[in-house]
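Try each task before reading its solution.

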Amino acid sequence: MFHVKQNAFDVIVVGGGHAGTEAAYAACRLGVSVALVTHRFDRLGEMSCNPAIGGLGKGHIVREIDALGGMMGWAADRAAIQFRLLNRSKGPAVRGPRAQIDRDLYRRVVQSFFHEVPNLTVVEGEVAELLVKQDKVVGVKLVGGERLASQFVILTTGTFLGGRIHIGDRSFESGRLGDASANKLSAAMKDLGVPLGRLKTGTPPRLHTRSIDWERLDVQDPDGDPYFFSFGTTKTAVEQISCGITYTNAKTHNIIRDNIDRSAMYGGHIEGVGPRYCPSIEDKVMRFADKVQHQIFLEPEGLTTDTVYPNGISTSLPEDVQEDYVRSIEGLQNAEILQPGYAVEYDYVDPRSLTLQLSLKAMDGLFLAGQINGTTGYEEAAAQGLVAGLNAAHRILEREPIVFGRDEAYIGVLVDDLVTRGVSEPYRMFTSRAEYRLHLRADNADQRLTPIGIRIGSVGKGQADRFQAKIARLEDAERISKDAIVAPEDAATLGIPAARNGAKRSLFDLFSYPQGTAETLADLFELVGIQDREVIEQLSCDAKYKPYLDRQCAEIAQLKRDEAVTIPNFLDYGSIDGLSAELKGKLSRIQPQTLAQAGRIEGMTPAALTLVLFAAKRELKRARG
């Protein structure tokens, strides 16, 4: 696997991070030959920033990746040292599974996947340029001069494309501390005319666990009933631990304010825009001056390491200032910094230059996935890798493109947002971005997507058999619970009021009441022979949302009608009378593939959309003769 026995492949994946590994694994599962080019195999699956996976919106994505046969959910479950379900007290649609991860273990689990894939070759090296023939990418050239040919290339370069690290007024080329940046490839992309911009992200200083006074900190314990990422996981794999919580204070903030001009960000050394929803400690102090403290989670990076990740104090201040402000924090008075925090600035490609399959519109043969498309986070990167890998394989196999709708998956929301609206800062997924989030829940990701995975071949037989058995149990339980009529007096003992209209209520109906939970109805389910906890929980979610989902189905039906109206890529928007110059420019740049996508372009009006619809139908009719 580690020695190149050939120089021609169906697909070449450049980069071994979360997008690259998921892209390579997805393409391999569909049976095509893949070369994964990465600087070092032992860094495959590296968690470059925080040692955690999931969260609000992000956890939904991981469950969707697993439902489609991807690796992230399974690997996270094998390496998780603390499971927590965020928003547990709220409705299922906004609950987000999250886990602290053992970095070393996660990396080993990911690498183990690639020891088992027969049609994969891992190439240790750096890509210097893309090989282009007749306006199509046909392979890559490595720094040593070796050429690898392919039908399609997937770029997943993360923060390495033109990467530059900043610590105070000191900066140097690097995509991650200790690893070289991909400057040659960045220059090659510019030569090809690919639209590039600059973004930045940051990381906090890493601390030595034995230098932390844990007794003075608040404690965050793991959940007693863990919510897993993979639908195939039934129990925790390793020891579960607690994290610490502390806070910045007035002294911390004064140190930062007194040295703000020494920050790379505030000193004018960085031109890239950072993530608004994950600001540096400098941003927090300067932008939210009225706040007297900011929360910090002290997250151990694994069971066998002394390194602790202080989540909440990422920075680009000089090392001496980092030491001062860290030691001003409760419990960290004697903290030893093992690695300084830093900001990393990197090139990204304007995602509006991509199709919904994440292929570059201007040049055939090239797909892009991950932070190169302007996103932030492991989960968003892995989702894009999955989409690019599946679609590259489908091109090889001459199958229909794979597009996940906004009504089908958070993955669909992510991709559509990127290619339709673009980014002005690193994109991060939230549940609020999904207009159909009542339908797109973490609990039903397999019901939404595993049938698709089975159809296209990305889901293996074992996972397919488990899913089909679960659906059979769920359908039986739903039928039984709908047939089981509950007397008013029995419902009253559970705190559920009698029906005012005297209508009979089924056991399934009782879930629609606030008092009707899986716990309160467990005894009644046992009476009718249903004891499967997973099935009862699923019925609870389905029943509670049914009235709202019925209304939402009408909206989804309209969306699907609009999605069915395709727009030819040869449509000349400049010739459409009645469109504003601004909309003509946006439509020409984005080249929406469907009427629904065109409707989501900023500034689009119903009248303008009608003009586009008529023009699209006219051109399609003309093309058909």
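Buried means under 20% relative accessible area, exposed over 50%, and partly exposed in between (1.4 Å probe, protein chains only). Helices (H or I, at least four residues) and strands (E, at least two) are DSSP runs, numbered from the N terminus. This is a predicted model: local features need pLDDT of at least 70, side-chain atom pairs count only at pLDDT 80 or more, and totals for chains, interfaces and linings use all residues. Residues are numbered from 1 along each chain as its sequence is written, and side-chain values use heavy atoms, with hydrogens and water left out.

**Exercise 1. Strand β19**

Task: Which residues of β19 point one way, which the other way, and which strands pair with β19?

Solution: 
- Locate β19 at residues 342–349; eight of its eight residues are buried.
- Sort the residues by direction. Tyr342, Val344, Tyr346 and Tyr348 point one way. Ala343, Glu345, Asp347 and Val349 point the other way.
- Find the partners. Two strands pair if DSSP finds at least two bridges between them. β10 (residues 164–167) is antiparallel to β19, with three bridges. β12 (residues 196–203) is also antiparallel to β19, with eight bridges.
- Val344 bridges to Ile165, and Tyr346 bridges to Leu199.

**Exercise 2. The cavity**

Task: How many cavities of 30 Å³ or more does the whole structure have, and what lines the largest cavity?

Solution: 
- On a 1 Å grid over the protein atoms alone, a cavity is a set of points where a 1.4 Å probe fits but cannot get out; a pocket is an open set with protein on both sides within 12 Å along at least five of seven lines; lining residues have an atom within 4 Å of a point. Grid points are joined across faces, edges and corners, and a volume is the space filled by probe spheres set on the points.
- Count. The search finds one cavity of 30 Å³ or more. The largest cavity holds about 60 Å³.
- List the lining: Leu356, Val387, Ile402, Val403, Phe404, Ile411, Gly412, Val415 and Asp416.
- Assign it. Helix α10 (residues 410–421) gives the most, four residues.

**Exercise 3. The second largest pocket**

Task: What is the volume of the second largest pocket, and which helix gives the most to its lining?

Solution: 
- Read the volume: about 1400 Å³.
- Find the centre. Of the 50 lining residues, Arg63, Tyr227, Phe228, Phe231 and Glu534 are the closest to it.
- Name the helix. α15 gives the most to the lining, with seven residues.
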